[in-house]
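Here are a few notes to read beside the structure. Take them one at a time, and look up each residue as you go.

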Amino acid sequence: MNALVDGFGRTVRYLRISVTDRCDFRCVYCMAEEMTFLPRAQLLTLEEIAMLSKAFVELGVEKIRLTGGEPLVRQGVLTLVENIAGLEGLRELAMTTNGAGLVKHADALRQAGLDRLNISLDSLKPERFKALTRTGDLNQVIAGIRAARRAGFASIKLNAVLLKGRNDEEILDLVNFARDEQVDISFIEEMPLGAISEHHRGETFLSTDKVRETIEPYYPLLPTTETTLGPSRYYRMADSHSRIGFISPHSHNFCDACNRVRVTAEGRLLLCLGHEHSVDLRAVMRRYPGDSQRLKASIVTAMQKKPERHHFTTDGDVQIVRFMNATGG
């Protein structure tokens with residue numbers, strides 16, 4: 001029986017854990033060009049992350065996703081994957097990555113028990129990719145996607161954040177790439193997290209309805225009821241095994257069915273991406289080392305702080321001051 005039910009009757013089955021706020025990219029919608037990262041002593045240790053994961057699974061969580069920052073820059077992450085993958089009751093372990101480290105780590109991640117990968121890919125033009133990520137190498141990421149395919153993951157999905165006037169003319173190119181690589185792809189509306197100066201979010205916002213309108217004349221989209229417990233609404237194409245998903249926090253609010261919570265790299269349990277409500281689980285673990293019952297009680301009590309919905313706007317205002325790298329993707 002799942003003990004994690006919020007005040008609106010929603011059952012939490014999915015946990016996203018940020019294992020680090022650090023990243024080897026500096027994506028323009030995720031963080032500022034010059035970032036100050038957390039002192040390492042403030043981060044959860046790998047042992048604390050494993051303890052948290054075990055507590056959540058014992059409370060009924062079925063899926064865990066490791067995020068960042070970029071999780072593959074965290075030393076020891078392969079051991080962490082192996083420890084979490086072995087938890088009795090966990091149905092799926094996934095990771096969100098920028099893909100740059102997959103040539104080196106894809107095989108080891110799969111052997112350690114990782115089931116699924118989400119890989120960020122916002123452009124197929126090398127110069128534009130470099131501009132959007134500030135430091136990324138497109139060829140390295142594509143090689144990483146192919147290394148992941150060879151490693152035999154149960155599912156690989158590309159995540160593309162579309163910015164009007166920046167990369168929106170690549171929609172069909174990205175769909176065709178996903179089809180050719182036999183992977184899924186989700187298109188994501190930009191979320192107003194963190195104050196950035198590189199662009200004005202009100203001017204670059206692109207609704208996923210517009211994305212669908214671009215795709216439909218070429219590939220009629222067949223709605224499905226398929227879910228990976230995340231917010232993507234999936235569609236299929238008659239002539240491809242690749243699925244197309246849409247994550248629409250602005251245009252098609254999905255809060256009524258929210259089954260997710262997040263833990264930040266410093267151990268704060270976030271009950272909603274669009275609110276600052278949080279509970280300091282690191283403080284509980286460090287004040288009461290090894291006390292799993294007290295930790296689980298703190299998690300269960302926190303569920304009543306989960307708000308009914310977020311209130312993101314599309315006018316460019318920043319609703320949440322923390323950057324996405326601090327939250328976890």
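Predicted model: local features only at pLDDT ≥ 70, side-chain atom pairs only at ≥ 80, totals over all residues.

1. Let's begin with strand 10, which is covered on both of its faces. Arg-260 and Arg-262 lie on one side, Val-261 and Val-263 lie on the other, and all of them are buried.

2. Next, see which strands pair with strand 10. Strand 1 (residues 14-18) pairs with strand 10 in the parallel sense, over four bridges. Strand 11 (residues 268-270) pairs with strand 10 in the antiparallel sense, over two bridges.

3. Now follow the chain from strand 10 into strand 11. These two strands form a hairpin, with four residues between them. Have a look at Gly-267 in the turn, which has a positive phi of about 90°.

4. On to the aromatic rings. How many aromatic pairs are there? The count comes to two. Tyr-235 and Phe-246 form an aromatic pair with an edge-to-face arrangement: the rings are 5.6 Å apart, centre to centre, and there are 75° between the planes. The pair counts as edge-to-face because the angle between the planes is over 60 degrees. Tyr-235 belongs to strand 8 (residues 233-236) and Phe-246 to strand 9 (residues 243-247), so that the pair links parts of the chain 11 residues apart. Tyr-235 and Phe-246 are both buried, and together with Phe-187 they form one aromatic cluster.

5. Lys-63 lies over the face of Tyr-14, at 4.7 Å from the ring centre. Over the ring of Tyr-288 you will find the charged end of Arg-294, 3.7 Å from the centre of that ring.

6. Two packed helices are described by the angle between their axes and the distance between the axes. For helix 5 (residues 138-151) and helix 6 (residues 171-181), the angle is about 35° and the axes are 12 Å apart. The crossing of helix 5 and helix 6 is right-handed. Which residues make the contact? On helix 5 they are Ile-142, Ile-145, Arg-146 and Arg-149, and on helix 6 they are Phe-177, Asp-180 and Glu-181.

Terms used: Residues numbered from 1 in each chain as written. Heavy atoms only, no water. Buried < 20%, exposed > 50% of the residue type's maximum accessible area, 1.4 Å probe, protein only. Pairing = 2+ DSSP bridges. Phe/Tyr/Trp six-rings, centres within 6.5 Å; stacked < 30°, edge-to-face > 60°. Lys NZ or Arg CZ within 6 Å of the ring centre and 35° of its normal. Axes fitted to C-alpha atoms, helices over the stretch in contact; angles between N-to-C directions. Left-handed = near helix turned anticlockwise from the far one by under 90°. Contact = heavy atoms within 4.5 Å.
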